[in-house]
Amino acid sequence: MTDRVAIRTCPLCEAGCGLEITVRDDSTHGASGPRSGTVIRIRGDMNDVFSKGYICPKGSTLKQLHEDPDRLRQPLVKRDGKHVEVSWEEAWEVVDRGLTRVINTHGRESIGAYLGNPGAHNLAAMTFNRVLLTAIGSRQRFSASSVDQVPKQVSAGFMFGTAVSVPVPDLDRTDYLLMLGANPYASNGSLATAPDWPGRLEAIRARGGKIIVVDPRRSRTAESADEWLAIRPGTDALLLAAMVTAVFEAGRAEPGEHLTGHLNGIEDVHVALAEFTPERVERAVGIDAATIRRIALELCDAPRAAVYGRIGTTTVAFGTTASWLVDVLNAVTGNLDIAGGAMFPLPVAAGPTTRGKKGVGKGFKTGRGKTRVRGFPEALGEYPAALMAEEIQTPGPGQIRAMVVVGGNPLRSTPNSGQLAAAFDSLDFMVSVDIYLNETSRHADVILPPPSPLQRSHYDLALLNFALRSVANYSEPVFDLPPGVPDEWEILARLAGIAQGLGADADPATIDDVTIRSIIESTVRDDTSVIAGRNAEEIYDALSRPANGSLRGPDRILDLTLRIGPFGEGFGAKPDGVSVAMLKRHPHGVDYGAMVPRIPEALRTPSGKVELAPPELLADVPRLRASLQHDPEQVLLVGRRHLRSNNSWMHNIRVLVKGKPRCTLQIHPDDAARLGVVDGSPVRVTSRVGSVVAPAEITDGIRPRVVSLPHGWGHDEPGTRQSVAREYAGVNSNVLTDHEALDPLSGNAVLNGIPVSLAAVATA
Ligand code: SF4
């Protein structure tokens, strides 16, 4: 036995912290067998170029996740209502029979797909989910994006030209940060990738800067800020509109010389929002007009300021409008695309903001398709996850009869779990790719378990598009896969082959080869690519040959993407440029520096300008006006997250769930007194679609008439195999969320600001 230290990036959240993993090997690599063994210790990698040793309590639990006896190592097939372990070959036969039968009987549109949030942090999923979706050939695509960030991507698309053109707050250089609906002390950053958000926030204050947090709850982030503004849930768009108006009224709308000639629509915004004065919105938002004006002008006065909105601004009825107004406010206060303001990241791997002609593009559209049942428009190639159940349950041509779920637990993450459970029960066939038998995969006929995160390579292909610095970290697998166990990409590729009709023994290697060749061919045909006009076969050889590590699968696609990116090796054009081989020589990552101004080069709008007043957003103003009418007595439910939670993913890790129960209903003392409940008393919470009972946690850290339940809990369903999660079951907040409540511009579910009623539950 030998000890060794492996370096890899934590794949659990957007922070992407570097980990130093001490491993005791029980075999040797190479001819004598695959690397396997025991994790002795995980700690932060002090030499990581971005995280510099920081990790949160979740990072070290990759050991427990790897060793979890409940984590599936063999495929499961449902027989007589129970899941039993089978061989991989048997599982593939069942998948082939199930999917082929549904496709042959009802057509490809009858296959739905749901992609979970872990896939955004997973190189195999980022490269091969698309292959799978293309092979399925159905428009019935859903994902966790529509219970999360899609509104921001839609507004960014309309304003800047692509769905990843999201300006992020330049935390390390700003003097003033206005944060709405974000709690990075619990969830680190999101759509603003950087390790150690808490440390970066503390540094703002240490250098004399100021932080304002807008949130119905006094979160840990709000506690550490200079000011907490306890907004009424779901009204961020009104607040932001009033701040924009206050800036115009004060004659302070000055986007800055750097944007001269690069902005369209500033006067349209002024006119459209003029009615939303601070005085007009103050009752609806619950923040007085003087404070709204003061903060708006502080944003103008600060040398460098940034406005940042996250989950509390996107998972609401005005998600896209609020997301738009965040960037309008950044622009009119002179803080868009300046150091210390809101800037466009420059990702190391080629992405939508670095590919194609600089400064102009086709722009962004939604509604290229509509859902079958209620005609809801598509966004980002997907339909709202909240509408998945009605697409399964409503008879007629195109009805979903089978589901493919990859790394997702929509029964805990998407609205109206009761309706969705009934829908999944009615399917003709379902396959889940999942490491657990959980509340969703228990409905599956077949569960295909991917390897543990320590058994696969990693690069954060998606989330580094939103990073505060141009960094790149590639991680090799810490352990090898046992013989006969497929890698995650091989599972997805074989599933794709089956969906294509190639049969149960579809060959992942062939599908991989077809995939990389097709990407190479389109890249060499792209006039703007660094390899435009090159011989495709020569590029294929360069990527695949033994001297390049005989790369396959996601690693080969990544290598191409890195080499043609802005810092890339360019297949000989820049020998010291980045590639997988180069990153392997730099296990602690490579840092190409802080964000730089990118307007106009980053824009991909047809006009080549920032569209400050997209017609789709202006058209939402009447609905925003109508939202000024509200019932001040209505109790509203909001969610929350804890540092030791990550949606529903990590609730089977004892070290993360033990201790004081966290799935409590936070309630203001005035509301608790009115109900006659004390700390720990059971309270029934009822919405239009469901009802749960949760223990009260009385706190003045929440607005009166607002209650909060964390999401991702409710692990007491029969037929699951998560013994620790069952011990700490909690209740499922998505029993209460309403599948009819959607942001109309993006299809994102309304998970915050749900109207509910409360009742004390008599105890014996
Ligand atoms: S903040 Fe925690 S969960 Fe997120 S990447 Fe870092 S260690 Fe992992």
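Helices α18 and α20 are roughly parallel to each other, because angles under 35 degrees are counted as such. The structure is a predicted model, in which local features need pLDDT of at least 70 and side-chain atom pairs count only at pLDDT 80 or more, while totals for chains, interfaces and linings use all residues. Residues are numbered from 1 along each chain as its sequence is written, and side-chain values use heavy atoms, with hydrogens and water left out.

The axes of α18 (residues 508-525) and α20 (residues 553-563) come within 10 Å and cross at roughly 10°. Axes are lines fitted to C-alpha atoms, for helices over the stretch in contact, and angles run from 0 to 180 degrees between N-to-C directions. Helices (H or I, at least four residues) and strands (E, at least two) are DSSP runs, numbered from the N terminus. On the α18 side, the contact (heavy atoms within 4.5 Å) is made by D512, D513, T515, I516, I519, I520 and T523; α20 contributes G553, R556, I557 and L560. These residues divide into 5 nonpolar, 3 polar and 3 charged, where Ala, Val, Leu, Ile, Met, Phe, Trp, Tyr, Cys and Pro count as nonpolar, Asp, Glu, Lys and Arg as charged, and the others, Gly among them, as polar.

For helix α3 (residues 123-136) and helix α17 (residues 488-500), the axes come within 8 Å and cross at roughly 5°. The two helices α3 and α17 are therefore roughly parallel. Their contact involves A124, A125, F128, N129, V131, L132, A135 and I136 of α3, together with E488, W489, L492, A493, L495, A496, A499 and Q500 of α17. The division here is 13 nonpolar, 2 polar and 1 charged.

Two backbone features lie in loops. F571 has a positive phi of about 55° although it is not a glycine, and its place is in the loop between α20 and α21 (580-584). A cis peptide bond, with omega about 10°, joins I599 and P600. P600 is located in the loop between β19 (590-594) and β20 (610-611).

Around the ligand are C10, L12, C13, A15, G16, C17, I55, C56, K58 and G59, each with a heavy atom within 4 Å of it. This shell comprises 7 nonpolar, 2 polar and 1 charged residues.

Key. Parallel < 35°, antiparallel > 145°, perpendicular 65-115°, else oblique.
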